[in-house]
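Please consult the sequence and structure shown below.

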Amino acid sequence: MNVNPYLFFQGQCEEALRFYAELLGGEILALLPYGPEGCQDMPEAKQDWIMHGCVKLDGTVLMGSDSPPDRYQAPTGLSVSLEVNDPGQAEKIFEALCSGGSVTMPMEETFWALRFGMATDRFGIPWMVNCPNPEAGCPE
C-alpha cells in the first residue's frame, strides 16, 4: 500500500509540480490539461489548467491538479511532510519552499531532529521539513 499526497491548486499546478520536481530531484510523469473534453465545469479560458499531474520523488509520488474555480478549497489541517537526511539539504529545501511563502516555524534543532521547520509555500501548500536526529530514536 502507498499513501501519496494529492495537492489542489488554482491554476498553478504545472508551475508548482515543476518547482517541486526540480527542488526535490523528481521526475514529472504526467501533466494532463483539462482540454475541451476534460471537465464540463472548467471554463473555456482555463482548459489549459492541469486536470492531473504526477511527480515521482525517490520512492513516492506527489500528485496534483487545478480545481475548477468554484470548487477550490485551501488546504487546512494538514502538511506535506518531507524527510531529509542531510541538514544542509534540509536547510536548502526549506529556504526554497519559504521563498514567496510564509514561515510557520523557523528551521531549527529540536529534541527529535537535527533540523525541523514548517512553512507554507507560494502555492499555498503547507510543508514540514524534517532532518531526523538518529540519536533521538525516532523512525525515519
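## Salt bridges: criterion and count

A salt bridge is taken here as a side-chain nitrogen of Lys or Arg within 4 Å of a carboxyl oxygen of Asp or Glu. The model is predicted. Under this criterion, three salt bridges are counted. In general, side chains of opposite charge can pair when their charged atoms come close.

## A pair within helix 1

Glu14 and Arg18 form a salt bridge, with 3.1 Å between the closest N and O atoms. Both residues belong to helix 1 (residues 13–24), where they are four residues apart, about one turn of the helix.

## Pairs between separate elements

Arg122 forms a salt bridge with Glu15, and their closest N and O atoms are 3.9 Å apart. Arg122 is located in the loop between strand 7 (113–120) and strand 8 (126–132), while Glu15 is in helix 1, so this pair ties together parts that are 107 residues apart in sequence. Arg122 has a relative accessible area of 37% and is therefore partly exposed; Glu15, with 46%, is also partly exposed.

Arg115 forms a salt bridge with Glu91, the closest N and O atoms lying 2.6 Å apart. Since Arg115 is in strand 7 and Glu91 in helix 3 (residues 87–98), the pair ties together parts that are 24 residues apart in sequence. Glu91 counts as partly exposed because its relative accessibility is 25%.

An open sheet is formed by four strands in the order 1-4-3-2, with mixed pairing. Strand 1 (6–9) and strand 2 (27–33) are at the edges; each has a single partner strand, so one side of each is left without a neighbour in the sheet. On average, neighbouring strands of this sheet are turned by 15° against each other, direction ignored.

In general, strands of a sheet pair through backbone hydrogen bonds, either parallel or antiparallel. Strand 3 (residues 50–57) and strand 4 (residues 60–66) run antiparallel and are joined by five bridges. Val55 has Leu62 in strand 4 as its bridge partner.

## Helix 1 and the sheet

Helix 1 lies across strand 1, strand 2, strand 3 and strand 4.

Definitions and conventions: Residues are numbered from 1 along each chain as its sequence is written. This is a predicted model: local features need pLDDT of at least 70, side-chain atom pairs count only at pLDDT 80 or more; totals for chains, interfaces and linings use all residues. Side-chain values use heavy atoms; hydrogens and water are left out. Helices (H or I, at least four residues) and strands (E, at least two) are DSSP runs, numbered from the N terminus. Buried means under 20% relative accessible area, exposed over 50%, partly exposed in between (1.4 Å probe, protein chains only). Two strands pair if DSSP finds at least two bridges between them. Axes are lines fitted to C-alpha atoms, for helices over the stretch in contact, and angles run from 0 to 180 degrees between N-to-C directions. Contact means heavy atoms within 4.5 Å.
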